[in-house]
Structures are given as structure tokens and as C-alpha cells.
Amino acid sequence: MSTKTVTVVATFQARPGKEAELKRALTGLVAPTRLEAGCLNYDLHILPEDPAKFLFHENWTSQAHLDAHLQSPQIKALLPRVEELCVAFPEIKIWEKIA
């Protein structure tokens, strides 16, 4: 198990007409996630020129904390809605801080 800081960049593309609904769903993840053990930051962004595109920038104290987050109630509640709200499954990249 890694104890190095882990950064996650996750991008979401809303289905046409689902932008506001996806925004509400993603915004609803922020407050409970920021209270989770190991969460250093959990920031949601929108692309100003394309309000159907969202990006999470997250930092976790360890892979174990990220793994626990992925099993959290709020993430488990969102997963069944991804196909309805998004054009494709979100692109999720996990980065490891090296400097």
C-alpha cells in the first residue's frame, strides 16, 4: 500500500440536456468527500467555454484513502447514474506526486 500523496484528475462530459443535472450530482459529492479521512482537497471545476465539461482535481494522503473514497456512499450513489448523465464513463487519471 502506497503512502505517497495521490492526485486524481477526473473529467466528465454531460449528455446534451443533462448539464445542470450532472452539475448538481457532482457538486453534491464535494462536501461529504472533503470530510473523508485522507482528503487533502477535492475541487470541482467547469470549463467556461463548454459548460458540459467538468473536472475534479483531488489530492489524497495515500492510495488507501483514495480506495476508501471510491467505496463511499456518495460515489456508490453516483455510479448507477453515470450512463444517464454522461456521454461516456469519466476519464480518471491517477497521478503520484514526485516533487
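**Contacts, fold and sheet of a predicted model**

Among contacts between residues at least 6 apart in sequence, 70% join residues at least 24 apart in the protein chain. The model is a predicted one.

User: What secondary structure does the protein chain have?
Analyst: There are 4 helices and 4 strands. Starting at the N terminus, the elements go β-α-β-β-α-α-α-β.

User: How compact is the protein chain?
Analyst: Its radius of gyration is 13 Å, close to the 13 Å from the globule rule for 99 residues, so the protein chain is as compact as a globular protein of that length. The C-alpha trace spans about 40 × 30 × 20 Å along its principal axes.

User: OK, the sheet. What's the strand order?
Analyst: The order is β2-β3-β1-β4, in an open sheet with antiparallel pairing. The edge strands, each pairing on one side only, are β2 (39-47) and β4 (91-96). From one strand to the next, the twist averages 15 degrees.

User: How many bridges between β1 and β4?
Analyst: Strand β1 (residues 6-13) pairs with β4 over 6 bridges, in the antiparallel sense. For V9, the bridge partner in β4 is K93.

User: And which strands does helix α2 touch?
Analyst: Helix α2 (residues 63-70) packs on the sheet and touches β1, β2, β3 (50-60) and β4. The direction of α2 makes about 135 degrees with that of β3.

User: What share of the residues is buried?
Analyst: Buried residues account for 34% of the 99 residues.

Methods: Residues are numbered from 1 along each chain as its sequence is written. This is a predicted model: local features need pLDDT of at least 70, side-chain atom pairs count only at pLDDT 80 or more; totals for chains, interfaces and linings use all residues. Side-chain values use heavy atoms; hydrogens and water are left out. Two strands pair if DSSP finds at least two bridges between them. Helices (H or I, at least four residues) and strands (E, at least two) are DSSP runs, numbered from the N terminus. Axes are lines fitted to C-alpha atoms, for helices over the stretch in contact, and angles run from 0 to 180 degrees between N-to-C directions. Contact means heavy atoms within 4.5 Å. The radius of gyration is taken over C-alpha atoms; the globule rule is 2.2 Å times the number of residues to the power 0.38. Buried means under 20% relative accessible area, exposed over 50%, partly exposed in between (1.4 Å probe, protein chains only).
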